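Me: I would like to learn how to read a structure like this one. Please show it to me, and I will ask about its features in turn.

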Amino acid sequence: MKMTPYWLDTTPPFASGAQDGPDGVADVAVVGAGFTGLSAALALAKKGARVVVLEADRVAGAASGRNGGMCNNGFAQDFATLAGQFGTERAAMLYRAFDAGVDKVESIVTEERIDCHFGRVGKLKLAAKPEHYDKIARSQALLARHVDPETRMVPPAEMRAEIGSDRYFGGMLYEKSASMHMGMYGQGLAEAAARHGATIHEHNPVIGMRRMGGQVHELTTPHGSVRANQVLLATGTSAVGPLGWFRRRIVPVGAYLIATEPLSSEQLDRLTPHRRNTVDTRNFVNYFRTLPDNRLLFGGRARFSGRSDPASDAKSGVLLRAAMVDVFPELADTRIDYCWGGLVDMTRDRLPRAGERDGLFYSMGYSGHGTHMATYMGAIMAEVLDGRADLNPWRDFDWPAIPGHFGKPWFLPIVGAYYRVKDLLH
């Protein structure tokens, strides 16, 4: 079993990066070569800007290359809840931003000819308990009436047409959602940005940041420095560099995944006949989808932890295998070929944040919905840097520090225990 992400293991290394450290000046320095940073670099380079991307590790090597491979529209939260909090009109506007994210991914894949197995397979949200179905149905009725008529309910009696399991009690289908190969997409984004003129420096963590005046900053890595007229932070949960203000506002939460050996098409036809992206309604969420080579990817929270390392990933992998067999008993003897983890950049309300602070632009905090929202916000931030702050859907959201949080999430075991009890009771 490989303790490396399937996406990165099955993607060749990025070939068009700079071979030396940064040196000189740039119109824009982008910190982070995940989907946000690469999307922004692509959009800015196409505008004619001199763009330098500084990445601590490898292209799409952190959250962008360690996730479940889902490009799902819709919120992490219940739409009815957000409508009650912000009003239906504003909640609908935010919902459409997530829709636009999926559209943006598809347009980039098409325009830049990125071979990443993109497909609009739809997302199925499964009721883990009978009472969850009623809550989903109420939310779907509101969605269909105000913003997304393409959603529909799948009653319990029709579940066998969608999933080969008796574990769930109906669900809701989001038709617009897509899946793709995250490693190939990340590499394709990087190659496209480089092709349009962006310079990408892998293995160049930002260890120093000095404001020269206004929006001009000098950024230093172990291998060089660059003076940029504008800086975009696209760092997510990064523990590298002088980013303390952001770390107090983001909680890094572990997400863990396993991938089986290749399964037969006949077996997959029984388990997931439409090859949907699938997620359930528990707080200790499970999700699964098929991979391009007929493996089943099965992921989830498994444990509330702020760690992702081989030992932590392996512990979670044992729990995920048990959860997978609970959903699909016929996979009890199936070999697990991959096990890995990553960190999700959670905000307190599970909504992204983007804007400008002290002359630095930023976009992060996607809270498990980063594939499409990161791509979308990278392109949006390219416009914001060009003076179009009005295009930022998160421009009016405040972002207070999380009380008691100074960068290390000491409280996650307590939060995990709370949600485990909640899953048992509700």
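Me: Which residues have the most contacts inside the largest nonpolar core?

Reply: A note before the answer: this is a predicted model. A nonpolar core is a set of buried nonpolar residues joined through side-chain atoms within 4.5 Å. Here the largest one has 89 residues, and Phe 79, Tyr 185, Met 377 and Trp 394 have the most contacts inside it. Helix α4, residues 88-111, gives the most to this core, with 10 residues.

Me: What is Trp 394 in contact with, leaving aside its neighbours within four places in sequence?

Reply: Contact means heavy atoms within 4.5 Å. On that basis Trp 394 touches Leu 94, Phe 98, Leu 351, Pro 352, Arg 353, Ala 354, Met 373 and Met 377. Another core, of 23 residues, lies apart from the largest one; Ile 163, Tyr 256, Leu 320 and Cys 339 are among its members.

Me: What is the order of the strands in the open sheet?

Reply: The 8 strands here run β5-β6-β4-β13-β14-β15-β12-β16, and the pairing is mixed. At the edges are β5 (151-154) and β16 (336-346), each pairing on one side only. From one strand to the next, the twist averages 20 degrees.

Me: How many bridges join β14 to β15?

Reply: There are 5 bridges between β14 (residues 286-290) and β15 (residues 296-300), and the two strands run antiparallel. Tyr 287 stands opposite Gly 299 in β15.

Me: Which strands does helix α5 lie across?

Reply: Helix α5, residues 130-146, lies across β4 (123-126), β5 and β6 (171-174). Its direction is at about 155 degrees to β5.

Terms used:
Residues numbered from 1 in each chain as written. Predicted model: local features only at pLDDT ≥ 70, side-chain atom pairs only at ≥ 80, totals over all residues. Heavy atoms only, no water. Pairing = 2+ DSSP bridges. Helix = DSSP H or I, 4+ residues; strand = E, 2+ residues; numbered from the N terminus. Axes fitted to C-alpha atoms, helices over the stretch in contact; angles between N-to-C directions. Buried < 20%, exposed > 50% of the residue type's maximum accessible area, 1.4 Å probe, protein only.
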